[in-house]
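Here's a quick briefing on a few spots worth a look. Have the model open while you read.

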Amino acid sequence: MELKPSRYNIVASQKSRDGSIIYNTRTGALALVDESIAVVLGMSALLEESDFARIDARAVAQLARSGLLVAAACDELAEVKAEHRALQQDSSALSLCIVPTYTCNLACPYCYEEGRSSSGKRMDRSMQKKIVDFARLAFEAEPYESIEVQWYGGEPMLMPDAIDAISAGLMRFCEERSLGFSANMVSNATRIGAEEAAMLGRSRVTEALVTVDGPEAVHNGRRPMRNGGNSYEAVLNGIGNLLGEGIGVTVLMNTDKVNDSCLSELNSQLQERFGMSAIRAKLNDYYGTFGRGRFCEPRFSLMDHREFSRLQCERFCEEGHAFAEFAALLQPIPLFCRGQKERYYAIDAMGDVYKCDGRMGRADHLAFNLDSIGDATDIPTGLAPAYPFDDPACPECSLLPLCKGNCEWERKQCADHPCHPLKYTANEYLYGWVASIEPIEIDETGVVLLAEGRSL
């Protein structure tokens, strides 16, 4: 069979040893190969018999099995597009991002939702019922197997009764139809006491994403309560209540050049209190507001995308992560986010529906309003989600299976946010991945397969 190197191979020469590292972003396969094979795998053309003559037959079999070599007739880009389209069109789950209020009890200077969070708009009981009705009508239009909910804001926990009521209605419907139901939440956690955490547990919230921007003094300066209270202690109390209810918590720290050095101190405090660490996230200027009000230097000093990507990579490699952790980080993904699915709807307090949670409240991105839905036939079809292959740069990029176009909204909102961080750091992560295990000598075949990757 005629073969050719995969278009999704990344080749990196080892720094202090002979041979090269080969990684395939479509399958997740990782191998060490001698230089003669590395040259062949770095080609983009059909392999000739003379090329195969230089490679052990056992090596060819391994490389083909792991997707580093593919059939000459294989159109990998067409296959990746087809896989992506099938996932976009997957109708097995109805995904709802629900914003019960745009209001927030924090006054973060960098918040891109600040104009909406002071609007005071909250979801009334009539709209809460319409969300449950919408789920029923969507099922009539095309049956699905489960409902996935994300609670978002503003601060959703300013409306706990709405969360309770909508969840109860959706879960009743799912029980009637023998459907699955799951939920997660993005919250500042300051309004989550033991009673609220118990309600979230009843509402089947299994994961919460919470932001802590540093140790107490740093966090309070960046994420102050509107009433001047101590948000740091309120957040940590909320995290403790969530964990006590068995709800998983992921902590993010929005970092820039000013507070990044505080991450280790924050993590020491989180480890001592909860046995967990925060994940570094990049503080962005989404709508060009940096330099206005309190979102300005010297209080804040933003990193550009490349700076942050390299810093994040350096820290990850320095932290001594295990082989499996590198493998998890560098796995191909099905979609970048649920917003790339056709059956994803972001619904705000007024019943306005969008295809992207980042664009909620923007009139030019409004898809429809729940008030316009009287029966199943009223639900608009063909609402196109973000499609990475429309960007001329994405189809040509060897990282496409790893990022699926990254966040299309962020790429348009942030001038310095053009691509996935791995665009600038892939080789360094590969060095770290290989260095996480004991040194391995390349055998007589010229190939050592360290991670076989997924089968295609």
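Arg222 sits in helix α9 (residues 216–222); helices here are DSSP runs of H or I with at least four residues, strands are E runs of at least two, and both are numbered from the N terminus. This is a predicted model, so local features need pLDDT of at least 70 and side-chain atom pairs count only at pLDDT 80 or more, while totals for chains, interfaces and linings use all residues. Residues are numbered from 1 along each chain as its sequence is written, and side-chain values use heavy atoms, with hydrogens and water left out.

**Arg222**
- Arg222 counts as buried because its relative accessibility is 3%; buried means under 20% relative accessible area, exposed over 50% and partly exposed in between, using a 1.4 Å probe and protein chains only.
- Its side chain gets to the backbone oxygen of Arg299 at 3.4 Å, a polar contact (a pair of N or O atoms within 3.5 Å, where within protein one must be able to donate a hydrogen and the other to accept it, and residues adjacent in sequence count only if both atoms are side-chain atoms).
- Leaving aside residues up to four places away in sequence, Arg222 touches several others, among them Cys108, Tyr110, Asp213, Asp256 and Phe300; contact means heavy atoms within 4.5 Å.

**Thr25**
- You'll find Thr25 in the loop between β3 (20–24) and β4 (30–33), and it is buried, at 0% relative accessible area.
- Thr25 and Ser398 are 373 residues apart in sequence, yet their C-alpha atoms are 7.1 Å apart in space.
- The Thr25 side chain reaches the backbone oxygen of Ser398 at 2.5 Å.
- Not counting residues up to four places away in sequence, Thr25 also touches others, including Tyr8, Ile10, Pro332 and Leu402.

**Helix α6**
- The 17 residues of α6 (residues 125–141) should span 24 Å at 1.5 Å a residue, and the end C-alpha atoms agree, being 24 Å apart; the expected span is 1.5 Å times one less than the number of residues.
- Asp124 caps the N-terminal end of α6, with a side-chain oxygen 3.2 Å from the backbone nitrogen of Ser126.
- Buried residues of α6 include Met127, Ile131, Phe134 and Leu137.
- The buried residues of α6 pack against β6 (93–98), β7 (146–151), α7 (160–177), β12 (344–347) and β14 (368–369).
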